[in-house]
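Hello,

Here is the structure I promised to pass on. My notes on it follow below, with the cut-offs spelled out as they come up.

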Amino acid sequence: MAQAQRNNLEIYDDVAAQWWSDDIRWVRTLKNMVPGRLSWFDRKFDWQGKDVLDLGCAGGFMAESIDDRGARVTGIDPAKEAIAAARAHAKAEGRAISYDVGVGEALPYADASFDAVVCVDVLEHVQSLPKVISEVSRILRPGGMFLFDTINRNPIARLATITMAEDVLKLLPQGTHDPDMFIKPSELRTELETAGFAVDQMVGLGPRGINGKGDFTFGRVPGTMIIYMGTARKSDQTGG
């Protein structure tokens, strides 16, 4: 049997029609991770009235949660069908979220367009991490915030996210991730600091319990060995 394609981004388009249905377990897993992420991000950033880009928004789970917090939200993702699903759901709910198709290495926005960029479950998929971070810096206003999570690169993270999450528990489709593209916190910190960001503490994100459907719920966990999240602030100096 042929090995599954790694870093397969087509999975998001494949399930776009059912993104908001709660019918697919791995999509529910992505949805369930949003409150765990925001329980940390909410402590770091006041969303109300801010212009926020959800970079790699897929079908819009995080974008809608940020919209609930009073931000003016734009979402962007390369998955055209997922973006169509996000647009349809936002329209049905009367939400003023703007969605675009595009990639992080070439964002179609003017310099200094946003107060914050949220980028979750994305950095370990991109073709060029330095380009993405450079683009994030470019579109952020001075003093703007970058809020992110990604997967650490080590044998334990590989065991948890590939062997267990994809192959055994089927929490994600096989081939979702390429472990060679995982990013050590020290590497991400270096890239961000090189781009002019002041990087705050990074913390662990992982399963914290089980809900009524038998799915994991998520929140902060000790250590950054597997999934970690953090924030980084762009210099408040114009052109910095």
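His-125 sits in the loop between β4 and α5 (129-139); helices here are DSSP runs of H or I with at least four residues, strands are runs of E with at least two, and both are numbered from the N terminus. With a relative accessible area of 6%, His-125 is buried (buried means under 20% relative accessible area, exposed over 50%, partly exposed in between, with a 1.4 Å probe and protein chains only). Its side chain makes a polar contact of 3.5 Å with the side chain of His-177. A polar contact is a pair of N or O atoms within 3.5 Å, where within protein one must be able to donate a hydrogen and the other to accept it, and residues adjacent in sequence count only if both atoms are side-chain atoms. Leaving out residues up to four places away in sequence, His-125 touches Asn-7, Leu-9, Tyr-12, Thr-176, His-177 and Met-181 (contact means heavy atoms within 4.5 Å).

Before going further, please note that this is a predicted model, in which local features need pLDDT of at least 70 and side-chain atom pairs count only at pLDDT 80 or more, while totals for chains, interfaces and linings use all residues. Residues are numbered from 1 along each chain as its sequence is written, and side-chain values use heavy atoms, with hydrogens and water left out.

Next, helix α5, where Ile-133 lies. Ile-133 counts as buried at 1% relative accessibility. Setting aside neighbours within four places in sequence, Ile-133 is in contact with Leu-188, Glu-191, Leu-192, Ala-195 and Phe-197. The C-alpha atoms of Ile-133 and Gly-196 are separated by 9.9 Å, and these two residues are 63 apart along the chain.

Helix α3 is worth a look too. It covers residues 61-68, and six of its eight residues are buried, so the helix is largely enclosed by the rest of the structure. Those buried residues are Phe-61, Met-62, Ala-63, Glu-64, Ser-65 and Ile-66. They pack against α2 (25-44), β1 (51-55), β2 (72-77), α4 (80-92), β3 (98-101) and β4 (114-120). Just after α3, Gly-70 takes a positive phi of about 95°.

On backbone angles, most residues other than glycine have a negative phi. Asp-22, although not a glycine, has a positive phi of about 65°. Asp-22 is in the loop between α1 (10-14) and α2, and is partly exposed, with a relative accessible area of 27%. Lys-170 is not a glycine either, and has a positive phi of about 60°. Lys-170 is in the loop between α6 (155-168) and α7 (185-194), and is partly exposed at 47% relative accessible area.

Finally, the whole chain. The protein chain has seven helices and eight strands. Its radius of gyration is 17 Å, close to the 18 Å from the globule rule for 240 residues, so the chain is as compact as a globular protein of that length (the radius is taken over C-alpha atoms, and the rule is 2.2 Å times the number of residues to the power 0.38). The C-alpha trace spans about 55 × 40 × 35 Å along its principal axes. Of the 240 residues, 53% count as buried. Among contacts with a separation of 6 or more, residues 24 or more positions apart account for 72%.

Best wishes
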